[in-house]
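I opened this model to check a few things by hand. My notes follow the display.

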Amino acid sequence: MQIDAALPSGRIRVLDATDSGGIRLSLPADEGTPFLCWYCFEATGPANLFRRFVIENASDSLRGRLPNRNGDSHQWNGAGPVASYDGIDWFRLDHAFDGRAFSFWHTPRQERVFYAKFPPVWPAHEAAQRDRLASLPGARHDVLGQSGQGRTIDRFRLGEGPLQFWVIARQHPSETQGAYFLDGLAERLALPDADSRALLAAATLHIVPNVNPDGWTAGQTRATPAGVNLNREWNSAAPAAEVAAVRAAMEASGVDVSLDCHADNELPFLFIWPSENVPSWTADRRRPFDLFEATWAAANPDLIPGRAYPGGCPAQADLSMGWNWIGERFPQALSILLEQTFKDVSERPDPVTGWSIPRARALGRSVIAPLLAEARRRATA
Ligand SMILES: [Zn+2]
């Protein structure tokens with residue numbers, strides 16, 4: 001069995017691949033951090049021969065769980081890997097966790113198979129997404145800055161409206177759901193669609209599709225290759241270059257709505273959450289969020305309202321996180337955290353694909369509805 005993780009976004013360490021019925025693997029952590037869970041590799045061996053993969057150090061990742069996460073629903077339960085023969089169409093595999101190791105198994109129809117925690121974003125897809133955003137009617141592309149390794153932090157602006165709506169994605173590189181969400185948003189904006197047109201007349205939409213291109217390229221879980229969690233940099237006087245670039249552009253434009261796209265490893269649902277409990281928070285800021293959430297849920301049944309972090313929002317907001325920093329710096333803004341899932345939406349399960357590229361895209365197409373509702377609310381407020 002040949003295992004190759006030297007691909008874009010690739011991640012796995014091979015301990016022993018001589019027995020296809022017990023391929024021993026481990027997960028390297030992001031350099032200088034305890035973050036590990038992303039894996040992505042290609043395995044080549046005989047077709048129609050049973051393969052069992054065992055990630056022996058999976059439980060190491062459970063030491064870094066967020067507060068209030070003591071239940072069984074950690075990231076290795078109910079999160080079968082995705083597999084693909086062509087790197088485009090993905091399906092889920094059966095899996096097990098024994099308290100230490102995470103294993104999954106597959107008898108493939110073909111010799112070569114990709115396996116990953118969630119569908120990765122290949123470089124060709126990344127380039128196509130940039131082209132698609134740049135070719136939308138009236139799109140303006142600019143470079144906000146450079147990553148630590150010199151990659152561009154790109155922004156695409158659409159529409160001419162006076163409101164400033166921001167959508168940023170992939171501060172955490174393994175949360176590729178944000179890329180597929182933006183594919184859906186771009187699809188919708190390309191249509192001669194009355195709601196899209198109305199939104200872009202009311203608002204200027206700023207899209208930053210990839211805040212952490214270095215981490216994405218290197219197959220990191222949450223950090224940059226320099227070991228920096230970008231979503232803990234926002235309140236710093238001298239943040240990492242990626243955050244500094246986005247922050248400066250937000251200061252220049254102002255922010256009326258911000259949507260920061262993430263994905264949660266553990267939760268079997270999607271949720272959005274306002275920047276509640278930032279020092280400038282007032283109770284009347286909740287109503288626009290409730291309208292946004294209800295409008296979005298009406299447009300997409302995968303988003304079930306009223307969900308949030310287990311245990312609720314911390315009473316003291318962490319201003320080093322992007323969505324909180326934005327909500328504090330721009331108190332008139334509706335600053336929202338979006339968390340998609342690596343698993344599935346438990347009320348609407350799809351056993352074949354789980355949460356998937358098509359469903360993330362559909363979520364992206366549907367976000368026009370709440371953005372437009374918020375634009376209209378502001379026009380009449
Ligand atoms: Zn995240």
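These entries cover the ground rules, the metal site, the cysteines and the domains.

**Ground rules.** I am working on a predicted model, where local features need pLDDT of at least 70, side-chain atom pairs count only at pLDDT 80 or more, and totals for chains, interfaces and linings use all residues. I number residues from 1 along each chain as its sequence is written, and side-chain values use heavy atoms, with hydrogens and water left out.

**Zinc.** I looked up the donors (N, O and S atoms within 2.8 Å of the metal, or 3.2 Å for Na, K and Ca; water is not among the atoms, so sites may look incomplete). For the zinc ion I found His172 (ND1), Glu175 (OE), Glu175 (OE) and His262 (ND1), 2.0 to 2.6 Å away. Their spacing along the chain reads H-x2-E-x86-H. His172 and Glu175 are both buried (under 20% relative accessible area, with exposed over 50% and partly exposed in between; 1.4 Å probe, protein chains only).

**Cysteines.** I searched for disulfides (cysteine sulfur pairs within 2.5 Å) and got 0. Cys40 is in none; its nearest cysteine sulfur, on Cys37, is 13 Å away. Cys40 is buried because its relative accessibility is 1%. Cys261 is buried too, at 0%.

**Domains.** The domain assignment (automatic or from a database) gives domain 1 (2-116) and domain 2 (123-380). Contact (heavy atoms within 4.5 Å) takes 25 residues from domain 1 and 30 residues from domain 2. I also looked for salt bridges across this interface (a side-chain nitrogen of Lys or Arg within 4 Å of a carboxyl oxygen of Asp or Glu). The rule finds 0 between domain 1 and domain 2.
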